[in-house]
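I opened my notebook to go through this fold piece by piece. Here is what I looked up.

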Amino acid sequence: MSGDASLDMLSTGVILLDDDLCIVELNSAAEGLFSHSRRGLIGQSFTRFVEEPPELLSKLHNAIEQNRGFSVQDVTLGFNGTPRCHVDCLVTPIESRRARLVLELRSIDQQRRIEREAVQLSQSQANRELIRNLAHEIKNPLGGLRGSAQLLERELDRSDLREYTQVIIKEADRLQSLMERLLSPHRLPKRQAVNIHEVCERVRSLVLAEFPANIRVRRDYDVSLPELYGDREQLIQVVLNIARNAAQAILAQPALTQPGTIVLRTRAVHRVTIARTLHKVVCDLQVIDDGPGIAESIRERVFYPLVSGRPDGTGLGLTLAMNFVEYHRGVIECDSRPGRTVFRILLPVQTENVVAEREVVQ
């Protein structure tokens, strides 16, 4: 088409399909949606990209046969292991020597993320209040239970009976430790200049020390990232909880034949909205693994307290991670499918004296 060059000026992704639903042309915005170049996409069947809804493909064939356009919302697209994107799609039939359909793809990922953040923030606040009240209610009788067991142990002269009181004391100590973990995230962060790559390197060394066999941790850093202003120990705990879960999920696979891989990836992202605030620069930290993925039954509740995919898990690691990230005015997201799970942490880049300029999004 003679106007192909003008398509690159559009912010909306545009794809041209032929009778066989193969891509014959696309603009730069569409390249960005798929994270692939025009050369690698032209000639590919569009059917390879559509994950859901599956009936979209039959609608495309009908649009060609009946010469009638249509629109569909919330289409999930993906290609060759790249992160999935969600778009609203407008389909228009055309009469051209090369193409039969024009697809206009408008990304809704930003809108979906803002909606998820609002729900996540509300749930997180309710969870924190519930956990704090529950932990305090449990701690008080727990101390009395342990003290009574100690007093009873002093009165017993048989060692086999004292074994029972030791069980009570040890279980009380275990529950006490759990309560401390439930209450610990309510400490506000101690803010200081933090190099996010030092955080990643610390986590990498800890994971490799804990899982020396069958786990590889690969780096993919953007060295141009400036320092953050936050709590180094809390950020280490966030990344460590996610990476440790990934390693445990990989090693739990019954038919593991080769080492699993965890990737620590950092990028600088510009003009990102978090909690209705527009930040000039944001650190995009991703923890990616090639494990079995999160079970679909808990995928939407993975950040809830006491929700775990492992029989021996406490379900607190990701809840604490989310709390720590929120204390840094950031957001944490998860996208998981078999063979690829991505936890994405967005943290505003701020300094102690100069806070990044922010615009409130109405």
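I began with a hairpin: β1 and β2 form it, with 5 residues between them. Leu-21 in the turn has a positive phi of about 65 degrees. Strands here are DSSP runs of E, at least two residues, and helices are runs of H or I, at least four, numbered from the N terminus. I noted that this is a predicted model: local features need pLDDT of at least 70, side-chain atom pairs need 80 or more, and totals for chains, interfaces and linings use all residues. Residues are numbered from 1 along each chain as its sequence is written, and side-chain values use heavy atoms, without hydrogens and water.

Next, the pairing. β1 (residues 13-17) and β2 (residues 23-26) run antiparallel over 3 bridges; strands pair if DSSP finds at least two bridges between them. Ile-15 has Leu-26 in β2 as its bridge partner.

Then I looked at the sheet. It is open, with 6 strands in the order β2-β1-β6-β5-β4-β3, paired antiparallel.

Last, helix α8. Buried residues (under 20% relative accessible area, 1.4 Å probe, protein chains only) in α8 include Leu-235, Val-239 and Ile-250.

Definitions and conventions. Buried means under 20% relative accessible area, exposed over 50%, partly exposed in between (1.4 Å probe, protein chains only).
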